[in-house]
Amino acid sequence: GGLTINGKLTFPDTADLTLTTEWVMLHGELEIGTEAKPHTRNATITLTNDVKQEEMMGMGDRGIMISGGTLNLHGDRTNTWTKLAKTAEAGSNAIEVLNAAGWRVGDEIVLASTDYNPRQAERRTITAINGNAITLGKPLDYMHFGKITFDVDERGEVGLLTRNIKIQASPDAEQSYFGGHIMAMVTSHMFVEGVELNRMGQNLELARYPIHWHLVGDGGKGQYIRNASIHDTYNRCVTVHGTHNLRVENNVTYNTVGHC
């Protein structure tokens, strides 16, 4: 079944925790970390879809659906992307970046394509890190350009996909393209940072996006999504619909269906 929160549900920062549910209906508050004190342990919410085509107050199914509630998600990653410090050759399993501060062994990164072909983007796992020198789990298939030429900075971007707070659909979404979603209705609030959204968005379903402010109006002031990683999605990335004055900042997206 699903989970309805009328009061406040907090994940304590003392252990790695997972929550598996069909959906979350949020009238109260869900808090994982705070802006002043980000969460440091791993917290994972997995949205399943064992009961098909539920319809929750006009917000559909398989989501964190916020009606007059507050979503406070604060992970501990702030350095979300950087650039190559020098060209990474095809076949190399090492790269050098401008700033790898806070990146860790086991993290997943993505190197943007520096070719006309966007499919030359490559996802890799960090197996060792020494300052800004990173060792990759397997060699690169393509060259990634890392130089400033004629005063034009054409150094390829490197994005960090891993976060300690993860919201995701269960793996069946990889076949159905019916992922999870986060949706805030009017009088709702979302303060989201340092979060990883994986297998989110519901393909070809209007208004079912990885994270979505829906007609919040001027109530968007002070709200944000920042330092997030949004990857392997099936219907866009961040949707700001009829909502004003919120901040979308310093996020990384990769392997998404539709625009972001």
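Start by selecting Asn49, which is buried because its relative accessible area is 7%. Buried means under 20% relative accessible area, exposed means over 50%, and partly exposed lies in between (1.4 Å probe, protein chains only). This is a predicted model, in which local features need pLDDT of at least 70, side-chain atom pairs count only at pLDDT 80 or more, and totals for chains, interfaces and linings use all residues. Residues are numbered from 1 along each chain as its sequence is written, and side-chain values use heavy atoms, with hydrogens and water left out.

**Stop 1: around Asn49**

Asn49 sits in the loop between β6 (43-47) and β7 (63-66). Helices (H or I, at least four residues) and strands (E, at least two) are DSSP runs, numbered from the N terminus. Now show the contacts of Asn49, where contact means heavy atoms within 4.5 Å. With neighbours within four places in sequence left aside, the partners of Asn49 are Glu22, Asp61, Arg62, Asp172 and Phe178.

**Stop 2: the whole chain**

Zoom out. The protein chain has one helix and 26 strands. Along the principal axes, its C-alpha atoms fill a box of roughly 55 × 40 × 35 Å. A compact globule of 260 residues would have a radius of gyration near 18 Å, and the 19 Å of the protein chain agrees with that. The radius is taken over C-alpha atoms, and the globule rule is 2.2 Å times the number of residues to the power 0.38.

Colour by burial next. Of the 260 residues, 50% count as buried. The chain exposes about 11800 Å², and carbon and sulfur atoms supply 50% of that area. Accessible areas come from the Shrake-Rupley method with a 1.4 Å probe; for residues, only the protein chains shown count as cover.

Then look at contacts with a separation of 6 or more: residues 24 or more positions apart account for 69% of them.

**Stop 3: strand β23**

Select residues 229-233, strand β23. This strand is mostly covered, with five of its five residues buried. Two strands pair if DSSP finds at least two bridges between them. Strand β20 (residues 195-198) runs parallel to β23, joined by three bridges. Pick Asn198: its bridge partner in β23 is His231. Strand β26 (residues 252-256) is also parallel to β23, with four bridges between them. Here Ile230 stands opposite Thr253 of β26.

Stay in β23 and click Asp232. Asp232 is buried, at a relative accessible area of 14%. Its phi is positive, about 55°, although Asp232 is not a glycine. Most residues other than glycine have a negative phi.

**Stop 4: Pro210**

Move to Pro210, in the loop between β20 and β21 (211-217). Is Pro210 buried or exposed? Pro210 counts as buried, because its relative accessibility is 0%. Show its contacts, not counting residues up to four places away in sequence: among them are His181, Leu197, Met200, Ile230, Thr233 and Cys237. Ile182 is another partner of Pro210. These two residues are 28 apart along the chain, and their C-alpha atoms are separated by 5.8 Å.

**Stop 5: Thr239**

Next, select Thr239 in strand β24 (residues 238-243). Thr239 is buried, with 10% relative accessible area. Beyond its neighbours within four places in sequence, Thr239 contacts Tyr209, Ile211, His212 and Trp213. Now draw a C-alpha to C-alpha distance from Thr239 to Gln175: 23 Å in space, for 64 residues in sequence.

**Stop 6: strand β16**

Select residues 157-160, strand β16. Strand β9 (residues 81-83) runs antiparallel to β16, with three bridges. Trp81 has Gly159 of β16 as its bridge partner. Strand β11 (residues 108-111) also runs antiparallel to β16, again with three bridges. There, Leu111 is partnered with Val158 of β16.

**Last stop: Phe150**

Finish at Phe150, in the loop between β14 (148-149) and β15 (152-153). Phe150 counts as exposed because its relative accessibility is 84%. Phe150 is a residue other than glycine, yet its phi is positive, near 50°.
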